[in-house]
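My entries follow in the order I made them.

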Amino acid sequence: MDYLSALINSMTDVLLIVFDSQWAAQSAQGHFVARVAPSFAPGKPAEDIFAPDWQPVITPILHQLARGEAVDTEVTLSGANWSVTARSLHDSHLLIVRALSGQPAAAPALLHQSSMPRHIFDHLDDVVYSINMSDGQVVYINHAVEHIYGVPAEAFYRDPALCLTYIHPEDDERYRAAMQSITYQDGYNLEYRILRADGSVRWLHDRNRVTYAPDGRPLTLNGVITDITHHKQTEAALRASEERYRLISESISDYAYTKVFLPDGSTQVEWITGSFKRITGWTVEELDSIAPGALFHPDERARVVEDVTRVYNGETVDAEYRIITRSGEERWLRILRRPVEEIGFKRYYAFAQDITERKRSELALRESETRYRILSEIMSDYAFLIRITPEGEMVSDWITADAFARITGYSAEDMLALARFNIIHPDDRERAADDVAKVIAGVTVVAEYRIVTRSGETRWIRMYRMPVWSEEEGRFTHYYGVAQDITEQKHAENALRERETLYRLLADNATDTIIRMLPDSTLLYLSPAIETLLGYTSDELIGTQLYDLVHPDDLEAMRDGLLHLSLLPETYTTAGRMRHRSGIDIWTETTNRVLRHPVSDEPFEIQSIIRDVTELKQGEQRAIQLSLEQERMRLLAQFITSVSHDFRTPLSIIHTSAHLARRTDDADRRAYHLDKLVREAHDIERLLENVLTMVRLDSSPQFDFTNVNLNDLLTEIYQKMLPRIEAKQLAAALELESPPLHIYADLTEMHRALYNVIENAILYTPEGRSVAVAAQSRTDSAVIEVRDTGIGINPDDLPRIFDPLYKPPERSTDGAGLGLAITRRIIEAHRGYIEVESTPGRGSIFRLILPTLPAEV
Ligand code: ADP
């Protein structure tokens, strides 16, 4: 048992010895700790764990503890002074004995050695070992070694060097160095890793002491090994989390710190997160070098000191301060300080938040509130707060006195001085009392009352009362009121009512119809004249839409007018037909006035006056008819004048030729004149026919449509033209489409139309040149192309050649200028159209495009 005492005495740390539910420990310096189960009763065998000379000291302490008392005492024993601290814990007693003076070497054994059988070491989690210094043999090692190394204790007895083989390669060097130092350092205290056979790594804390023989010879090396793997892992995890925390704390806008109170009452920063610098501009070191409290705005410093004192006294304080940053900027911080009491130390944790933005908006808010208050003082309304006592009594808590005085003439003093003060007009008091009862019951009430002012004048107010619910009392404890002077408004309303009556009188008796409607034309009011206008009574139409009464053709214009009300002037006029109950259209003219909302400017009503203008309209229509007829007459007269000119020329030639033929005896001369006479007569006939055709096409065209083979028609015209082509020695061509194209046409009229164009081509092409007529197929249409290489048409004349009677100025003899006009009318009547290309001196191309019929029809 010798090595056990040696072992305990060699420990600088307190060695814990566990023995059932009791344990005790003692160090080399004689320090002593014991833990005793509360069931432990003095005088029982377990008391034996203490050495006999200590038992008279320990027994009364254990009695005290059993009574629940705390023990702090000093004892003198074996020539040394000891302090004894003993506390009753929830499941055991704790005794701490410290040597205050005396030779630690002479420290007596506090523990009864015999009470520590060897096997108690085998209940320890830590490895306890003792090694003989002379031969290196293991004297003792407990079973905990098996748990830590995974190798039974016996193996270490057999092979003292076994532990070396488990040292982690990375720690091997450190371990060997420590081993070397054992004798001259009296042992070592080392943390290292071992690599177990199963491949797992463990962190161990190994510390030992050398004991020496009186002659100075080293005897044994006694040590304890603790498995600190879990602790190491926790440490690493903690480091990682602290790193993470540091990163976060530096990047968030808030910062935290701890401060410790120093004995002189001042405080010192222990730890602070990085955001501190970002917010204040200062580093902690810099702040230490300037005056304490310098971070805070001078006006705040007294309060800061006060608050820190409160924290010192154990209070948690949450406060807001202005600070001055390093750059001189003023900012706001909210600091929450929480004190922590530890044995011998007082410190607090603080959490600071930059609330500058919030403060600034709060200040802005307060400013606007001030503005609001000022505004409410000068505005016409007055406001008040009434408190309702549990007994149902009403007490004025607050009133905007200025505004109240302005409206009622009463001052706050008047209110207090006058018994049963009531400004409500006697006739309205009952109603007002009923309303107050409603408000107290939780209803928000808006009502209008007459009041009697101090000067006796009756005025109107509109009062708005809103109850306020109290969560605490579970009832409506207050109500807010706002009163508005509406006297002017009431006067205006009365005036309006009078005007309205007048308006009605006027509207009801007017011959024109007066209506009021919503912007969507929903009718609100119609004056009785509507019955005369449309045959409906006003009652039948109210609620229906004006649109429904408007002629469909005029609806759009009318509705557009209404849709764009916002764009329209205040007054505007629309015209259109409306449907009378009998079905006849009534021409109306409406003058509309748009009423707009004074604030939003949205139209909300239209007032209109509708006038029956049918007769006017009918007159108008007749006038238009008349002027159209006059225009037609004028054109006809012009036409006849122009045409008669064209008749006169050939007629005078006929006259002359007849006269000359009669006068001459020469048979050849006579034949010549008669020939000329016949030709002119023929021209007149043609001209007459053209004129008649033109008039017919313009007034009452009648067509007899049939299926016409275009090839046949063109061949027929071409054959008819051949003598004239030959006479002019023209190179002519007829190009036909195969299979033949069919059109749906009036054969006679189509013949006339094509003839005119082909005739022109021959007519306006000098001798010896060429003309061509071609029929071609285009999508769903036939193209008849008439090409000549003649004189062409001046670009200026081109747009007008289809006008009736148009002839280019320089050409006065040929034709009457009716041919192309006739052709165009015919082609258009056949749903076709004409294209012309022409170059003066080079020739022209006329294309007549007509819809085709499917070939088989
Ligand atoms: P007219 O009966 O006088 O020929 P049209 O109506 O047939 O009248 O033609 C009107 C005018 O268009 C003609 O006077 C002529 O100047 C011009 N014109 C018509 N066809 C041609 C053409 N193929 N080449 C040149 N000029 C033409």
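Entry 1, second largest pocket. I listed the elements that each supply at least two residues of its lining: β17 (382–388), β18 (394–399), α13 (412–417), α14 (429–440) and β20 (458–470). Helices (H or I, at least four residues) and strands (E, at least two) are DSSP runs, numbered from the N terminus. The lining has 23 residues, and I386, S396, F421, N422 and Y479 lie nearest the centre of the pocket. I sorted the lining by class and got 18 nonpolar, two polar and three charged residues. Here Ala, Val, Leu, Ile, Met, Phe, Trp, Tyr, Cys and Pro count as nonpolar, Asp, Glu, Lys and Arg as charged, and the others, Gly among them, as polar. The space in this pocket is about 930 Å³.

On a 1 Å grid over the protein atoms alone, a pocket is an open set of points with protein on both sides within 12 Å along at least five of seven lines, a cavity is a set where a 1.4 Å probe fits but cannot get out, and lining residues have an atom within 4 Å of a point. Grid points are joined across faces, edges and corners, and a volume is the space filled by probe spheres set on the points. The model is predicted: local features need pLDDT of at least 70, side-chain atom pairs count only at pLDDT 80 or more, and totals for chains, interfaces and linings use all residues. Residues are numbered from 1 along each chain as its sequence is written, and side-chain values use heavy atoms, with hydrogens and water left out.

Entry 3, cavities. I searched the whole structure and found three cavities of 30 Å³ or more. The second largest cavity has a volume of about 40 Å³. Its lining includes Y718, I758 and R787. Two or more lining residues come from each of α21 (710–727), α22 (747–763), β30 (770–778) and β31 (781–788). By class I noted ten nonpolar, no polar and one charged.

The whole structure gives eleven aromatic pairs (Phe, Tyr or six-membered Trp rings with centres within 6.5 Å; planes under 30 degrees apart are stacked, over 60 edge-to-face, the rest tilted). F296 and Y321 are edge-to-face, at 5.3 Å centre to centre and 75° between the planes. F296 sits in the loop between α9 (284–289) and α10 (301–312), and Y321 in strand β14 (residues 317–324), 25 residues apart.

I placed H168 in the loop between α5 (162–166) and α6 (172–185).
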